[in-house]
Amino acid sequence: MALRIEPLTPVFGATVSGFNASQPLSAEIQAEISAAFEEYSVLVLHDQPLTDAQQIAFSEYFGPLEQTLPGLVGSGSKIVRVSNMMADGSLKPPGGHLALFGQANLLWHSDSTFKAAPATGSILSARQIALQGGDTEFASTRAAYDSLSAAMQQRIDGLVATHSIAVSRRKVDPHAVSAEQEAALPPVPQALVRRNSVNGRKALVLGSHIGAIAGMADDAAQALIDELTAVATQAAFTYRHVWRDDDLVMWDNRAVLHRGHPYDETSERRLLVRTTLAGHAPTAVADRVVA
Ligand code: OGA
Ligand code: MN
């Protein structure tokens, strides 16, 4: 074992050190990081200053990357600039479309569950951190699933929900998404419980993009989603990351929810750069679980 791995909480998360992410990785280090990722769900790597190109190279050891959605800073590249700044360093206009993205990040979510094959993982590099606030918090949907009664596990195994970006954007601003935009980004089915193919562990698939559950009335579906989300986000199953300069954090979107915490976007300058590990396959097709 070449890496040092120190758990962050009794339930999930670990600090990993003993390698340099800006340099080519040996097959051994790569395998140890992958194993830690599958086991701990959130990896915190301190003192890993990276350029965009180095971050892409490091990330691609763990799989193909998503292309950034149209309409975001970094669109069409493999980088998302999670920031209150535009690419030229000027502040985003408050209340505008780009600032809305920052607001949506404050809701518990799993990245890109609104895509048919949702992102496996996300890798976030702290280039400039807020002096106050701007923490990122994680919640283990794997620990949440494990804590449920056998009856509840049985009830939800095999259920299929729909996820859409229109649902999450409307939580921030009811007028954020037009009917045309919604038609262009139709809801996708996702399993409510997904099983990790490496270790067989199951986790809940929740977050701000989730809407209906197939075969359930809307009220009952929302009540179930709220109940499961409350289990996942209880203090015992969360870890709140306070950023340091040059931190690199990797998380498993299949096993955790995350959310940003507010900071003063009108006076601070915060820049985190994200690369996103693309999903391999849908978790559900129509109302049938496939993963
Ligand atoms: C993200 C994200 C939260 C934050 O990069 O996917 O949700 O704290 N970030 O910026
Ligand atoms: Mn996110």
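This is a predicted model: local features need pLDDT of at least 70, side-chain atom pairs count only at pLDDT 80 or more; totals for chains, interfaces and linings use all residues.
Residues are numbered from 1 along each chain as its sequence is written, chains are lettered from A and ligands numbered from 1 in the order in which they are written, and side-chain values use heavy atoms, with hydrogens and water left out.

**Figure 1. The shell around ligand 1.** There are 13 residues around ligand 1 (near means a heavy atom within 4 Å). His109, Thr136, His258, Arg270 and Arg274 come nearest. By class, the shell splits into four nonpolar, five polar and four charged residues (nonpolar is Ala, Val, Leu, Ile, Met, Phe, Trp, Tyr, Cys and Pro; charged is Asp, Glu, Lys and Arg; the others, Gly among them, are polar).

**Figure 2. Polar contacts to ligand 1.** Here we zoom in on pairs of N or O atoms within 3.5 Å. A polar side-chain atom of Arg270 sits 2.9 Å from an oxygen atom of ligand 1. For His258, a side-chain N or O atom is 3.0 Å from a ligand 1 oxygen, and for His109 the distance from a polar side-chain atom to an oxygen of ligand 1 is 3.1 Å. The protein covers 99% of the 290 Å² of accessible area that ligand 1 has on its own (Shrake-Rupley, 1.4 Å probe).

**Figure 3. The largest cavity.** Ligand 1 takes up the space of the largest cavity (more than half of its atoms lie within 2 Å of the grid points). On a 1 Å grid over the protein atoms alone, a cavity is a set of points where a 1.4 Å probe fits but cannot get out, and lining residues have an atom within 4 Å of a point. This one holds about 270 Å³ (the space filled by probe spheres set on points joined across faces, edges and corners). Its lining has 23 residues, with Val82, Gly102, Asn105, Gly260 and Arg270 nearest the centre. Strand 14 gives the largest share of that lining, three residues.

**Figure 4. The second largest cavity.** Of its 14 lining residues, Ser110, Thr113, Val205, Asn253 and Arg254 lie nearest the centre.

**Figure 5. The second largest pocket.** A pocket is an open set with protein on both sides within 12 Å along at least five of seven lines. The second largest pocket comes in at about 250 Å³. It is lined by 18 residues, and Arg194, Arg195, Ser197, Arg254 and Ala291 are the closest to its centre.

How values were computed: A polar contact is a pair of N or O atoms within 3.5 Å; within protein, one must be able to donate a hydrogen and the other to accept it, and residues adjacent in sequence count only if both atoms are side-chain atoms. Helices (H or I, at least four residues) and strands (E, at least two) are DSSP runs, numbered from the N terminus.
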